[in-house]
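Let's take a walk through this one together. Keep the sequence and the 3D view open as you read.

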Amino acid sequence: MSATPLPPQPAPPRPRGFTLGHRIPPPSGEYRWVYLWDAPLRAMHWLAAIAIVALAVTGFYIGKPYFITGGAESADPFVMGWMRFIHFASAAVLVMTAIVRGYWLLAGNKFERFAALFPVRPRDWVNMWKQAKFYMLMERHPPAYLGHNPMQQLSYTGIYLVAAVMVVTGFALYGQSNPGGLINRGFAWVPALAGGIQMVRFIHHVLTWVLIIFIPMHIYLAMRADTLERTGVISSIITGGRFVDAKEKFIDAEDA
Amino acid sequence: MSFAAPSWFPATESVEDELARRGVSRREFMEYCSSLCIVLGVGKSEAPRMAAAILADRRPSVIWIQLQECTGCVESVIRTSEPSIGTLVLDQISLDFSHTLMAAAGHAAESAAAAAMAAEKGKYLLVVTGSIPLADDGIYLTIGGRTAKVILEEAAEGAAAIIALGACAHWGSVQAARPNPTGAVGVSEVIKNRPVVNIAGCPPIADVVTATVAHFLTFGRLPAVDGDGRPLFAYGARIHDQCPKRANFDAGQFVEKFDDEGARKGWCLYEVGCKGPATFSPCPIFQWNSHTDWPIGAGHPCIGCTERGFWDTMTPFYGRLPDVGGFGIESKVDILGAALAIGATAGVVAHAAATSVHQMRERKRSLPVVDPTSGGPGTPKA
Ligand code: SF4
């Protein structure tokens, strides 16, 4: 039997008001919740974030004390002392997060494991270009990944590397306060490699800026993904999972 | 077997006679030996042994050769307004042969040196000041027609141990700074088969030299050294950790420029480029000029002269970070970093603005909006 053609529908009214996101998915209930980031990984993310901010604030004071303490007596104020204490304590927290994350490279799920750090498949490079075009407003829909897309993999792995260099150079500098001690001896290769302890200091200082520059871009792109693509990535780093369209195919869904 | 003083040796006086002539009593000398033992960390009970070793007639000879250098190290050792016991002892025991100080000259000096080395072969202590230029077959320093490398190798051949005295002998110092035109290197880069101890500093403190020589004479070996061959008793601690201004550092009280309020109050010199946090030296304890003062005490930041490569790595002397590549990057890195950080923030704001403009255009184009479930234009991908 043939359906009676429907009479022409009147166009619905234009939506009023301003909304940044154009693609508000239908409230159809056809969603599934995918669990991506295990609790240890999320906890480490936020701990590391706090530690890095504390490290940058105190680190810049240590690098160049941007205010000085008044008063003639030095017995009472302990400004540099506290700055250094907070710096070293936060560094300890950051190292702890690195250790847990390192273990989670082996123990984590497929989105967290070592292989997920590197976009090495040919399809990753194609999709990285697509992602770049999306950011250049030349592509409507970015490649859909459940976990990190190739560009994220590359930049987050880069940040891990920067953090690793910060930790290593930091220990080399810290070790000098106890000459001949375990840290001093264990990290003696760092100044040897860098060309002197002052070069270590220089590298440690410059890379702080790399971390600082990363922060606004990271926050912006996360917010952009949430508002524009409705990916729910921000909630995924809090609750561990995100809602996705039940029918949407994801590039990395079947990855081992 | 016994070592006869060469004919050019100024006097046949023993160390004991010389000290007595200069008015140093036995008691004072013993106290001095005790303090040396404490400095060396071997305990006061070794003092009689050390005194005997220093005064012994048949102590090992000490031969001092001077290569590519400014003689500042010798000056540091001998030139004190009021010679300390240490200086006298060092003069007496260590200047058997010294290019600058000996009376003889020319062939007489050269053959006397050769004779002294031959007589004491395998037993003498060799003190070297100055670096060894290796570029162009070492032509940048020759003495008596022989290059510094040849002189050093010959002298080192019969040495029981070698003291590389001063930054030049340690690693090359100013002549080894970039671009190092003469290819200057330190002693330990030429002599690999003999124990070499580096008395770092430009110049080093005389007491460190005396203590090291005394250690060798007393125990027959060089003192324990750190990773860079510097004796731990002297270079085992960082200036920053022994500095009397450390309380100001911890308090956050800094000299911001010379002659400011903080400078007058004697605050920490960190902000004006003090390299104390990266420098291992006994300056705060031993001090200079008969324990009168030392650079930081006098209000000048430490320049890190006991560290290898300090002319390149510790410069600018009045800045905190090294001057990478020699074009002042150190002063620019914070400006650059801040510019990039602000640029990144501005960039994301601009990108967000561009995105929303783009979105509004997109939405206009896809209007009218239809039933979102119908799969028409402007509705989500399935
Ligand atoms: S003056 Fe130099 S060595 Fe002394 S506390 Fe300040 S930074 Fe450290």
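B:His240 sits in helix α12 (residues 239-242) of chain B; helices here are DSSP runs of H or I with at least four residues, strands are E runs of at least two, and both are numbered from the N terminus. B:His240 counts as buried because its relative accessible area is 8%, where buried means under 20%, exposed over 50% and partly exposed in between, with a 1.4 Å probe and protein chains only. Leaving out neighbours within four places in sequence, B:His240 is in contact (heavy atoms within 4.5 Å) with B:Arg246, B:Phe249, B:Gly276 and B:Pro277. Its C-alpha atom is 9.6 Å from that of B:Cys302, a residue 62 places apart along the chain.

A word on ground rules: this is a predicted model, in which local features need pLDDT of at least 70 and side-chain atom pairs count only at pLDDT 80 or more, while totals for chains, interfaces and linings use all residues. Residues are numbered from 1 along each chain as its sequence is written, chains are lettered from A and ligands numbered from 1 in the order in which they are written, and side-chain values use heavy atoms, with hydrogens and water left out.

Now zoom out to chain B. It has 17 helices and 9 strands, and 52% of its 382 residues count as buried. Among its contacts between residues at least 6 apart in sequence, 71% join residues at least 24 apart.

For the strands, have a look at β9 (residues 196-199) of chain B, which is covered on both faces: B:Val196 and B:Asn198 are buried on one side, B:Val197 and B:Ile199 on the other. Strand β7 (residues 159-165) of chain B runs parallel to β9(B), joined to it by 4 bridges; strands pair if DSSP finds at least two bridges between them. B:Leu165 stands opposite B:Ile199 in β9(B).

Where does chain B touch chain A? One place to look is B:Thr313, which touches A:Gly195 and A:Gln198 as well as B:Arg308 and B:Pro322, not counting residues up to four places away in sequence. B:Thr313 belongs to helix α16 (residues 310-313) of chain B and counts as buried because its relative accessibility is 15%.

Over on chain A, there's a nonpolar surface patch of about 910 Å², with A:Trp46, A:Tyr66, A:Phe67 and A:Met223 among its residues. α1 (39-63), α7 (197-228) and α8 (233-239) of chain A each supply at least two residues of the patch. A:Phe67, though, is in the loop between α1 and α2 (79-107) of chain A, and counts as partly exposed because its relative accessibility is 38%. Patch residues have over 30% relative accessible area and no salt bridge, with like charges joined within 9 Å and nonpolar side chains (Val, Leu, Ile, Met, Phe, Trp, Tyr) within 5 Å; a salt bridge is a side-chain nitrogen of Lys or Arg within 4 Å of a carboxyl oxygen of Asp or Glu. Accessible areas come from the Shrake-Rupley method with a 1.4 Å probe, and for residues only the protein chains shown count as cover.
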